[in-house]
Protein chains: 2
Amino acid sequence: MAKELKDLTKRADNYSQWYNDLVVKADLAEQSAVRGCMVIKPYGYAIWEKMQQQLDRMFKETGHQNAYFPLLIPKSFLSREAEHVEGFAKECAVVTHHRLKNAPDGSGVLVDPDAKLEEELIIRPTSETIIWNTYRNWIHSYRDLPILVNQWANVMRWEMRTRMFLRTAEFLWQEGHTAHATREEAEAEAIKMINVYADFAEKYMGVPVVKGIKSANERFAGAIETYTIEAMMQDGKALQSGTSHFLGQNFAKAFDVQFVNKENKPEYVWATSWGVSTRLMGALIMTHSDDNGLVLPPHLAPIQVVIVPIYKNEEQRQEITKAVEPILSEMRARGISVKYDDADNRRPGFKFADYELKGVPVRLAIGARDLANGTVEIMRRDTLEKSEGHLEGITDHVAALLEEIQENIFHKALKQREDMTVKVDTYEEFKEALERGGFILAHWDGTPETEERIKEETKATIRCIPLDAPEEDGVDMLTGKPSHRRVIFARNY
Amino acid sequence: MAKELKDLTKRADNYSQWYNDLVVKADLAEQSAVRGCMVIKPYGYAIWEKMQQQLDRMFKETGHQNAYFPLLIPKSFLSREAEHVEGFAKECAVVTHHRLKNAPDGSGVLVDPDAKLEEELIIRPTSETIIWNTYRNWIHSYRDLPILVNQWANVMRWEMRTRMFLRTAEFLWQEGHTAHATREEAEAEAIKMINVYADFAEKYMGVPVVKGIKSANERFAGAIETYTIEAMMQDGKALQSGTSHFLGQNFAKAFDVQFVNKENKPEYVWATSWGVSTRLMGALIMTHSDDNGLVLPPHLAPIQVVIVPIYKNEEQRQEITKAVEPILSEMRARGISVKYDDADNRRPGFKFADYELKGVPVRLAIGARDLANGTVEIMRRDTLEKSEGHLEGITDHVAALLEEIQENIFHKALKQREDMTVKVDTYEEFKEALERGGFILAHWDGTPETEERIKEETKATIRCIPLDAPEEDGVDMLTGKPSHRRVIFARNY
């Protein structure tokens, strides 16, 4: 492990390589034999499970229920909504056959040409079409509304350039799909869920986010309005971390989903959809981690505390273990996830480096002298500071420290974002600021053409129009046309 | 709802239709637009979630961790293990292309012939191949073993005849894949997990199961030994409810997964895999339910208790609600999932029929007179018996009643299984017994040929050789060859 840690690229040397190294060395994920698809390893999956559990609680508290819809979507469904198919057709995995047969030369198996499907099926890139085709039978009257459904699922988008967690051909996500009787209610739902995502990102992941609206260029294919939460990574690039879409009546019209309203008149149903994915793992890793490895927020760390005994012989080990056992019970009763690592085949130094690499928020080390003095060495992962604590009351101390770390990493990330957010008024300033990285607040004339030109020239896009952007009269830095608020430009993942 | 209930086919009239009706009318699932794939509706999914949570706890208590492997498997991987490909090739969904393009005539989208994959990808029917290809890089020394990994995932087997939950093209499941240094350890793991499944089935689902070994004909494609739990449905048919496979070194050899043992010598790794699926939902439904609808085991019921107020006016409703609120709090504090249904748009009779259809284990009804007397009407779903209880201490009473119902439905199912299990010694008796249905204990000569002939002539197969089958000398009912224990024959789902 010490060797592995040494091999971790430094952020300053190559941020992108540091990220890839870290994902692999911290045992989070690895590339699979299938192009663009990753294997999520147990430690990475344990973090994702913690995320899922908390998000699922938040969805249920806001009245949503889970359901499950088919993985495969008939090709013709995709074409029903014009913008939707335009957005997804280029990256669809297509199932064309349903059987293999032995190769006549005994060399393996072939696709059986006699088992060709009448209509090809697409592995869902997102499920609006199959779900709205289903909702048609669920919705007849306003009494059947709202429908507040979420699905945890795998989806597939055949991306050409992939990076683990950030952009993979297959990824895990949740997709909420709600149906409403009124435009107002659907709009309120879309905003409610972007707020849920923002709360989750900030309070659990410790990742500060800007809530905003996407420009037309960046909007979900088929949406009227896309709300987003945008985070800033340590290299100043933006990471879109969750989106919530007001879909209007687009999918209801495409799949003919009407209901009889209170006035007894038929009307198309109003819709939202919203999702976050394993991409959040990327945001988590890149926001907090350092050159020693992962830094995990205590609220999502699979192991919050590790206790490592320092002993010279078996007798000492047993003494320490005896003293630690009641502490373990006490911590577990408090809901603290604690691991006692008295494994004999790794020396303390190796263990320390390993748990640092894995981002365990608090490490306690107890030696024979500590035991005699009633003390313990406490190391907090976020600052790497060591301090001496007392064995008595250690559970209270650790519980408080975990909350402190949770707060601290959020504020550290927030400060970094603030430090790397600038206002610019000219295109020259804009290009200079881009070289430094970060969020750039600039005026924009509101046209897709201007955004497209800026993207082509600088690779920066509008990440969002912040929901809390103050009104401010100005002019577009490129076209000089009037603008009434600043938007956030950035390069992004 | 009253109408829907009336439409529920009676078991005696058509058991198969009763099952299909029930799945749809109790809002568990429905057919989707995609052949053989179902939509699992929120109420059905809520039951599956309860199953998942409990199984996941049991897997973690036995030392397993979750991970996630790719949905798609390169076609060539399947061919590596000869029996495995033989078993799955005929039902594989095959991905051949990764892009759609607009049809030139504007009629929709076409598969883009320029986006043909070099090697076709198979949607996983099970993940041994992709996982063992991954394990090759995880395992070098005996110190890397055991690997105890589980995956919650969707899989696809292109079945020609499908039935909701019981046999669908796509289904949800978990698949454990473990790697061990010794044959003994792997065998012990396979047996440990069949015991976990049996415990889950009996203690949570209330479904009695026979643990046994599969005959060669029914063994998993690629396994040395398949352990199974077999349940009996109310119509006497068997339902295979979970399997655990000792895979020997077959997949390690196919994917060249070797480790250096303690004697510093290379050796192939020993494997198991084990899985249960949404098929368990079918077992749950068919074991306990009746002509009034679902009967759910309290340990898995999303709603364990429903309280329905009976009121003549708003004032009465408010009084009852005020009296019920502390009961709701008390029950929830005890971990009882309780719903108070004071919705005004459905009459009590409709609500009663609906909650019976949905299998809610306990229904409490409270009217104005009850309130005055401090009483409550209690209906238990398993027996449909009504009794009068006291509002005081109702939480204790209900908690005990829930356990009683859990026990009762298990014992009822057990008694039915015992009543429908017979020993036969001749083929004539065997065929007569088959007409009555149930498990048939008979002698078998141990050959696949005899089993195959019996299957062809009677549609019955060997469900398992029970683990606890006593030694008993006898002769095969068909061939007269010697046999040393009875096996279970049955027709099956």
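Colleague: Is B:Arg183 buried, partly exposed or exposed?
Modeller: In this predicted model, B:Arg183 counts as partly exposed, with a relative accessibility of 34%.

Colleague: Which residue does B:Arg183 form a salt bridge with?
Modeller: The partner of B:Arg183 is B:Glu187, and their closest N and O atoms lie 3.4 Å apart. B:Glu187 is partly exposed as well, at 25% relative accessibility.

Colleague: Turning to chain A, which residue meets A:Lys203 in a salt bridge?
Modeller: That residue is A:Asp199, with an N to O distance of 3.9 Å.

Colleague: How accessible are A:Lys203 and A:Asp199?
Modeller: A:Lys203 has a relative accessible area of 49% and is partly exposed. A:Asp199 is partly exposed too, at 34%.

Colleague: What about B:Glu457; which side chain does it meet?
Modeller: B:Glu457 meets B:Arg453 in a salt bridge of 3.2 Å, N to O. Both lie in helix H15 of chain B, residues 448–458.

Colleague: Which residues of chain A are linked in a network of salt bridges?
Modeller: The network links A:Asp341, A:Arg346, A:Lys351, A:Asp354 and A:Lys358.

Colleague: And how many salt bridges are there over all chains?
Modeller: A search of the whole structure finds 62.

Terms used: Residues numbered from 1 in each chain as written. Chains lettered and ligands numbered in written order. Predicted model: local features only at pLDDT ≥ 70, side-chain atom pairs only at ≥ 80, totals over all residues. Heavy atoms only, no water. Salt bridge = Lys/Arg side-chain N within 4 Å of Asp/Glu carboxyl O. Buried < 20%, exposed > 50% of the residue type's maximum accessible area, 1.4 Å probe, protein only. Helix = DSSP H or I, 4+ residues; strand = E, 2+ residues; numbered from the N terminus.
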